[in-house]
Amino acid sequence: MKKRIAVLTGAGVSAESGLGTYRDNGGLWDSYDPMEVASIEGWYRDRRKVLDFYNMQRRKLSEVRPNEAHRLIAELEKDYIVDVITQNVDNLHERAGSTHVVHLHGEATKVRPENSFNEQDGYSEKNVFDIGYGEVHLGDKAPNGSQLRPHIVFFGEAVPKMEQAIELVSRADIVLIVGTSLQVYPAAGLYRYAGEGVPIWIIDPAEVQIHDPRVHHIRKVATEGMKEFIKAL
Ligand code: OAD
């Protein structure tokens with residue numbers, strides 16, 4: 001029987017592809033206020049600003065490619081059942097070949113009418129659709145007449161995929177965390193659902209704030225760290 005690996009990733013796994021992280025020096029949140037461009041309050045205050053921010057994110061995404069870390073994560077599927085749970089809104093895991101990716105914070109390449117995917121409709125994805133690397137503008141409406149918005153979990157919104165992510169982490173034989181500052185909840189608390197005695201590997205060049213005896217920290221960038229992790233398996 002194949003063992004199960006749950007891989008939790010953050011912006012650091014895509015850094016070597018050329019996508020900036022959020023909280024490192026010079027990161028995205030140094031130039032933009034997340035409460036303006038990535039919060040639900042920001043959306044209702046100034047939709048145009050939020051749409052422009054994600055138009056830019058999509059454009060950047062069209063210019064980059066998966067890196068060796070994304071590829072090595074995808075290759076783990078040869079020997080393991082791999083569940084990738086990513087906070088990233090990019091599509092680099094999929095483009096590298098990972099077949100099971102849960103996007104906790106949504107996907108930059110998808111949009112939906114602003115009056116859908118809520119508690120009332122049970123977070124149904126039936127109105128969510130792919131726009132690839134295209135743009136969305138104020139006044140672009142869905143067939144139901146509602147303004148289109150990015151399919152992103154804004155700050156201040158629920159994280160509907162959390163339950164599924166908890167289930168996947170709690171079933172894993174090995175947990176691997178790559179490139180996340182673990183500052184944003186509830187995602188940051190996911191590793192706590194790892195079973196007793198399950199090893200938790202962290203790949204991140206920076207110090208991590210987890211004090212758990214199960215943790216092995218590989219203090220390297222994602223591409224180098226992944227090679228070391230695979231050797232240690
Ligand atoms: P952060 O920017 O908070 O953290 C990035 C992490 O990646 C840090 O721990 C860095 O040390 C590490 N890092 C940097 N370069 C790396 C490299 N080459 N290899 C490996 N690690 C590297 O990004 P996240 O933790 O992903 O949410 O941020 C979480 C959420 O906050 C995001 O999903 C986003 C943001 O606001 C939304 O927009 C909803």
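Seven of the eight residues of strand 4 (residues 106–113) are buried, so this strand is largely enclosed by the rest of the structure. The model examined here is a predicted one. Strand 4 has two pairing partners described here. With strand 6 (residues 148–152), strand 4 pairs in the antiparallel sense over five bridges, and in this pairing Pro113 stands opposite Leu148. Strand 4 also runs antiparallel to strand 5 (residues 129–130), to which two bridges join it.

A parallel arrangement is found around strand 8 (residues 200–203). Four bridges connect this strand to strand 7 (residues 174–178), and the two run parallel; Leu176 stands opposite Trp201. Strand 8 also pairs with strand 9 (residues 215–218), again in the parallel sense and over four bridges. In that pairing, Ile200 faces Val215 as its opposite residue. The side chains of strand 8 are directed to two sides: Ile200 and Ile202 point one way, whereas Trp201 and Ile203 point the other way. All four of these residues are buried.

The largest nonpolar core comprises 26 residues. Within it, the residues with the most contacts are Leu8, Ile85, Leu104, Val169, Val175, Leu190 and Ile200. At least two residues of this core are supplied by each of strand 1 (4–9), helix 8 (162–171), strand 7 and strand 8. Helix 8 provides the largest share, namely four residues. For Ile85, when neighbours within four places in sequence are left aside, the contacts are Val7, Leu8, Thr9, Val102, Leu104, Ala165, Leu168, Val169 and Leu190. Another core, of 23 residues, lies apart from the largest one and includes Leu19, Leu51, Val64 and Ile152.

Thr86 belongs to strand 2 (residues 81–86). Its relative accessible area is 0%, and Thr86 is therefore classed as buried, the cut-off for this class being under 20%. The side chain of Thr86 reaches the backbone nitrogen of Asn88 at a distance of 2.9 Å. Beyond its neighbours within four places in sequence, Thr86 is in contact with Thr9, His93, Val101, Val102, His103, Leu104 and His105.

Terms used
Residues numbered from 1 in each chain as written. Predicted model: local features only at pLDDT ≥ 70, side-chain atom pairs only at ≥ 80, totals over all residues. Heavy atoms only, no water. Buried < 20%, exposed > 50% of the residue type's maximum accessible area, 1.4 Å probe, protein only. Pairing = 2+ DSSP bridges. Polar contact = N/O pair within 3.5 Å; in protein donor to acceptor, adjacent residues only side chain to side chain. Contact = heavy atoms within 4.5 Å. Core = buried A, V, L, I, M, F, W, Y, C linked by side-chain atoms within 4.5 Å.
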